[in-house]
Every structure is written in C-alpha cells, then in structure tokens.
Amino acid sequence: MTVAGCGSAAPEPAAPQPAASATLDRVGRTTELRVCSTGDYRPLTYRDPANGRWSGIDVDMAGALAASLGAKATIVPTTWSNLLGDLTSDRCDIAMGGVSVTDARAQKAAFTTAYLSDGKTPITRCENVARYQTVEQINRPEVRAVVNPGGTNEQFARETLSRATIVPYPDNNTIFDAVADGRADLMVTDAIETRWQATRGKGLCAVHPEKPFTRSEKAYLLKQGDPAFLDRVNTWLRGAMTDGTYQRFARPWIG
C-alpha cells in the first residue's frame, strides 16, 4: 500500500540554460567585436580620410560594448548601400553609427532598442533658412537638393522631393561643402547631423531641427537568428543610456 506524501520527492525542475549564441561564442574566443560603420555620419561615426582614424559617439559606444564583452572593437568600413549585405554576409557582428530603424532593414536584420529619436530636416546656407522651411518650398524644380546614395536621406529625397532637382553626391564626408559653396541649395538629413554641421563655421544653418519633417529612431543592427546576442546588447545599451556612458561620449560633440 502506498501512503500519500511518502516516498522520494519529485526532482526539482532544471534551471533554464541560457540560449547559445554563435556571436558571443566567437567574440569570446577571438576577443574581437567586429563593428560595421560607414564613417561618414558625424557626430555618430567618422573615419578621417587622411589617417584612417575613427571617431564619433557610436565609435566610442562600440568600444564600450566590446569592453563589456571582454573584447576590443574592430571597425569594419562599409557604405550605406552595402550595410545590410556586409552584416548578413558575416563581415561584422553589429552595425553602429546612425542606423535608422526601417521596415526594409528589419526584414533582413535585427534592431536593438532605439537609443536616439530623430528626423529629417534641411540644412542650407544661413541666408536661405527662411526659403526652405517647408516641403512645399523645397519640392520645386529650381531647388537643388544634394543626397548621399544608398541611405534613408536618398529615400526621403526620392519619395518626398520628387519635383526638386536631386543632386547625387558620392562622398558623405564632404557633401555639405556642396551646399556651402553653392553647388546645391540644401540637403535634407537627420537633425542631429544638421546641428553638428552648423557648428563648423561654413555658413550653414540647420532648419528647425527641433521640428523635423519626419520622426525616426536610431538603433544598432545585428544579424537575425541570435536572440541571446541581441538580449546581451540590449541589456548593455539600457545601462549605457542610464549610467551616463552615452552622455559622456556625446558631450564633446553636441554638448
């Protein structure tokens, strides 16, 4: 006869094991975090063409993320046109440097929690600020809007400024010179970039950066299929945004 409550106790369920991560495993083995970045989006990422040195808020954030993983960051140069391809082909573990959250990117890769809210707004020569306040003022054939190929700036220009004269420009590091010297009338880009460019003493002014035409978010971009790595990066990012890390890196650039 079996008496209820007697006998061996049922074994405790095993504690859930953390999901395996191919990325974390590789970073741990090599002590290297490979970070794709375009190097042409100050204040977030910049590669000096004279000496190849990298700087920017997200370059510093990449170093901090790598350190949290016991590794060093290796910056892998990419372009906006090749960003997704370089990430999904395993040239890098993460993309950092002003990457806007878009549906097209989210279909092929995984975004972290957003760390910056921004939007598209014009930058022009200071004497022309009043002329380019609205999309209607800009979207005219006589207005020359310069764009860098392959990113959300070009997408905005092609879709929203279809009547304006679009001026493609291949080098995003010097693209604002085209506005300053009169080869183009303006550029529409993210407000954080217009604010920084307006401080450079080239006669350029941001047009209502506090009220951009659009609203978008910036986040870091990872390969799909590695939720453990995504969770690890998100945990680090939440801490960096609340413990002063991000603010410390941003202060020299945007105050």
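Begin the tour at Gly70, which follows helix α2 and has a positive phi, near 70 degrees. Helices (H or I, at least four residues) and strands (E, at least two) are DSSP runs numbered from the N terminus. The model is predicted: local features need pLDDT of at least 70, side-chain atom pairs count only at pLDDT 80 or more, and totals for chains, interfaces and linings use all residues. Residues are numbered from 1 along each chain as its sequence is written, and side-chain values use heavy atoms, with hydrogens and water left out.

**Helix α2**

Select residues 57-68 next. This helix, α2, has 12 residues and spans 17 Å from its first C-alpha to its last, close to the 16 Å expected at 1.5 Å a residue; the expected span is 1.5 Å times one less than the number of residues. Within α2, Ile57, Asp58, Val59, Met61, Ala62, Leu65 and Ala66 are buried. Here buried means under 20% relative accessible area, exposed over 50%, and partly exposed in between (1.4 Å probe, protein chains only).

**The disulfides**

Proceed to the cysteines. The whole structure holds two disulfides, each a pair of cysteine sulfur atoms within 2.5 Å. Select Cys36 and Cys92, whose sulfur atoms are 2.1 Å apart; this link is left-handed, with -95 degrees about the S-S bond. Cys36 lies in strand β1 (residues 32-37) and Cys92 in the loop between α3 (83-88) and β6 (94-95), so the pair ties together parts that are 56 residues apart in sequence. Cys36 is buried at 0% relative accessibility, and Cys92 is buried with a relative accessible area of 0%.

Then select Cys126 and Cys205, joined by a disulfide with an S to S distance of 2.1 Å. The link of Cys126 and Cys205 is right-handed, with 90 degrees about the S-S bond. Cys126 lies in the loop between β9 (120-125) and α5 (135-138) and Cys205 in strand β13 (residues 204-206), so this pair ties together parts 79 residues apart in sequence. Cys126 is partly exposed at 34%, as is Cys205 at 24%.

**Pockets and cavity**

On a 1 Å grid over the protein atoms alone, a cavity is a set of points where a 1.4 Å probe fits but cannot get out, and a pocket is an open set with protein on both sides within 12 Å along at least five of seven lines; lining residues have an atom within 4 Å of a point. A volume is the space filled by probe spheres set on the points.

Select Thr38, Asp40, Thr78, Thr79 and Pro170, which lie nearest the centre of the largest pocket among its 18 lining residues. The volume of this pocket is about 250 Å³. The second largest pocket holds about 190 Å³, and helix α6 (residues 152-160) gives the most to its lining, with five residues.

Finish at the one cavity of 30 Å³ or more. Tyr41, Trp80, Gly151, Thr152 and Asn153 lie nearest the centre of this cavity, which contains about 80 Å³ of space.
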